[in-house]
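Here are my notes on the model you asked about. Have the structure open while you read, and go point by point.

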Amino acid sequence: MKNKIPVLTRRDFIRGTVGVTLGASVFGLQWPRGEARAAAPSLVTVVRDKSAMDAAKNIDITVLEKMLVETLTRVTGRKNTKDAWLSLVKPDDVIGLVPTPHLNPTHDEVVDVVKNSLMDAGIPEDRIRDAQSPRNAKKCDALIAIPGLKAHWLTGIGTVLKNYIMYSGSPSSYHQSNSAKLGEIWNLPFVKGKTKLVLVDSLFPLCDKGPQPDPRYQWNYNGFIAGTDPVAVETVCLKIITEKRKVIRGESWPLSPPPICVEAADKVYGLGTSRMDQIQIKHSGWDHDLLL
Amino acid sequence: MVDNINKKGFDISSIMKLSLKITFVVLTITMTMVICGGASGKMNAGKLDLPKTVGVWNRPDSPRLINSKNIFKYMNGAGELYLGYRFRHLEVFDYTSADQGNILVELYFMESSDDAFGLLSLDWGGEPVSLDSAPAAISNQSFTASTRALYGGGLLRLWSDYIYARIMAERETPASKEAVLALGQAIAAGAQYSPEPALVKILPLAIDAVWKLRVDRLSFFRSYLVLNSIYYLSHENILDLDLSAEAASAPYQYIPGSGDPKRSQFLLLQYENTERGRQALNHFHDAYLPELKKEITADSPSLFKLEDGWMAYKLIGRHIAIAFESPDPESARAILQKNESNLLKKGGDHEK
């Protein structure tokens, strides 16, 4: 038993010792590097509109545009979209848009609305790129993460932190216990500090079951969840998915495996906060089944 | 002709010998086909004749073929699920329509009916659909006998012998549902009616009239990744699961009415032999109960008081039975004993 590396198990989650075991088994002495981080509240906006997408999944672009305006002005505190964008990016930045291509992919309409909004703010079209590949991301000065809201059968949640997994060059090595390390991708030299906005497409989230989409676990949430703190945004997304699962089954239905990447992104990689008491949620619009 | 042959150095006896050899080879091939086909239907793999047109939907002449080498290209990390079972190949048909969306048909050809059952067993939710004239119950555990296809939200999932299929309409409408069900019927038509995995049938439906098996949560699998998606134990493979192993898991729920819905998660594992089972249990104990004394005996279950209740395990020949989260040691013991009794009664502890 001497020098044996502890294995992360169900018991760690029950005892609340995930951090200790993860620290020893996955991160060595790095845990909890980010815990002393300043505890300023992170703002996460939840903007919803009942008419953004109908039951037949038809999307109303005009409504999406309004939701984006609302999101940008609330996240930045600026009065209009142009000022909001220019507080996040520079006019001469090469801006990479990073939607999710697989499993409940980001709706094309959402990507288009973001792109058009940037162009309306004065960013030339040729400076706005698709940045799903690491090659393209390296050429960008700023990144806008636009993942779709979803659970994931190998990492628990597969929304914000997992959105950059292709940048690693080895996505399969970030599953299971190594999913705790998803945060390290955000600190790669060509990624670190570039993410100016996280905008989660939560029009039609997937709360289970995976690994392939099952329409029974998708529903019209019709929202955008956004912020500049990726971990805080992920934490709010996690709360919504967890609550929805409880509603569907009428009993506790924890994500399995547990999404250890969220806490690790906070405490090891210092990417943001995973504590709900340090997150300020600003909601506007449709409040039916908000799940927060 | 004989002359010509003779000129080339052949004679009648050579021809007869050759004929006998050919006959032998043909017979051997035929017998092999019959045996293989009868056992698992493998020889029919890839020959499923789906209709070219269903309603307003049409398919291309041939499917996309996916194997274990390119499955990740097709579905990314989702491929781990299918490789966690004994996967042979996948055929994908895209039925397209002019204006009613597409219907995606995925046919997963597995090594055995058990593997196809396992994929369906990961989620018993949805509306049960009858696709054929199967008998109402073919075993003492009738819960899955009548449930081989489940529909919900435009998606039909079905288990038909060694095939697991997903048929999903992009847009759910009465017409697309009709087409999806018709495709399901075409897949199930003429298929051998396979029973559930033997391991699954060992789990008693009730224990001492106080614990009821949650058949709606009963799953069959071989991979720890799949186990973790059902009931998280560890991010590591602490039970040494692999394609040679079998596992069934479901919660037992306490029956007597009370506001406290007590549950105990039960896990039954089967390994190639007793030694593999013993090694797996040792590994499990070391990883899951590192601070607790190990007592693996054939006489009685080992009981442990943990943070979430009582846990008991027992090595039964090449099987391991584990009860998690029991409210008291008596319950944990009862669940294990009844399962062991069923296992021995059904002769399930024989090594291969």
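1. Two strands pair if DSSP finds at least two bridges between them. Helices (H or I, at least four residues) and strands (E, at least two) are DSSP runs, numbered from the N terminus. With that in hand, look at chain B: 7 strands form an open sheet in the order 3-4-5-9-8-7-6, with antiparallel pairing. Strand 3 (64-66) and strand 6 (127-128) of chain B stand at the edges with a single partner strand each, so one side of each has no neighbour in the sheet.

2. Some housekeeping before we go on. This is a predicted model, where local features need pLDDT of at least 70 and side-chain atom pairs count only at pLDDT 80 or more, while totals for chains, interfaces and linings use all residues. Residues are numbered from 1 along each chain as its sequence is written, and chains are lettered from A and ligands numbered from 1 in the order in which they are written.

3. Strand 6 of chain B runs antiparallel to strand 7 (residues 149-152) of chain B, and 2 bridges join them. Zoom in and you'll find B:Glu127 opposite B:Tyr151 in strand 7 of chain B.

4. Which strands does helix 5 (residues 113-121) of chain B touch as it packs on the sheet? They are strand 5 (103-110), strand 8 (155-160) and strand 9 (163-169) of chain B. Touching, or contact, means that the C-beta atoms of two residues, placed from the backbone, lie within 7 Å. The direction of helix 5 makes about 150° with that of strand 8 of chain B. Helix 6 (residues 174-188) of chain B packs on the sheet too, touching strand 5, strand 7, strand 8 and strand 9 of chain B, and its direction makes about 10° with that of strand 8 of chain B. (Axes are lines fitted to C-alpha atoms, for helices over the stretch in contact, and angles run from 0 to 180 degrees between N-to-C directions.)

5. Now zoom out to the domains. Chain B is assigned domain 1 (44-188) and domain 2 (198-345); such bounds come from an automatic or database domain assignment. Their C-alpha centres lie 31 Å apart. In the contact, 15 residues of domain 1 of chain B meet 14 residues of domain 2 of chain B. Helix 5 of chain B gives the most to the domain 1 side, with 4 residues.

6. Over to chain A. Helix 8 (residues 230-249) and helix 9 (residues 260-267) of chain A pack at an angle of about 155°, with their axes 10 Å apart. That makes helix 8 of chain A roughly antiparallel to helix 9 of chain A (over 145 degrees counts as roughly antiparallel, under 35 as roughly parallel, 65 to 115 as roughly perpendicular and the rest as oblique). A:Val231, A:Glu234, A:Thr235 and A:Leu238 of helix 8 meet A:Val262, A:Ala265 and A:Asp266 of helix 9.

7. Compare another pair. The axes of helix 3 (residues 61-76) and helix 4 (residues 81-88) of chain A come within 9 Å and cross at roughly 55°, which makes helix 3 of chain A oblique to helix 4 of chain A. Among the residues in this contact are A:Leu72 of helix 3 and A:Trp85 of helix 4.

8. Finally, how many residues does each chain bring to the contact between chain A and chain B? Chain A gives 24 residues and chain B gives 31 residues.
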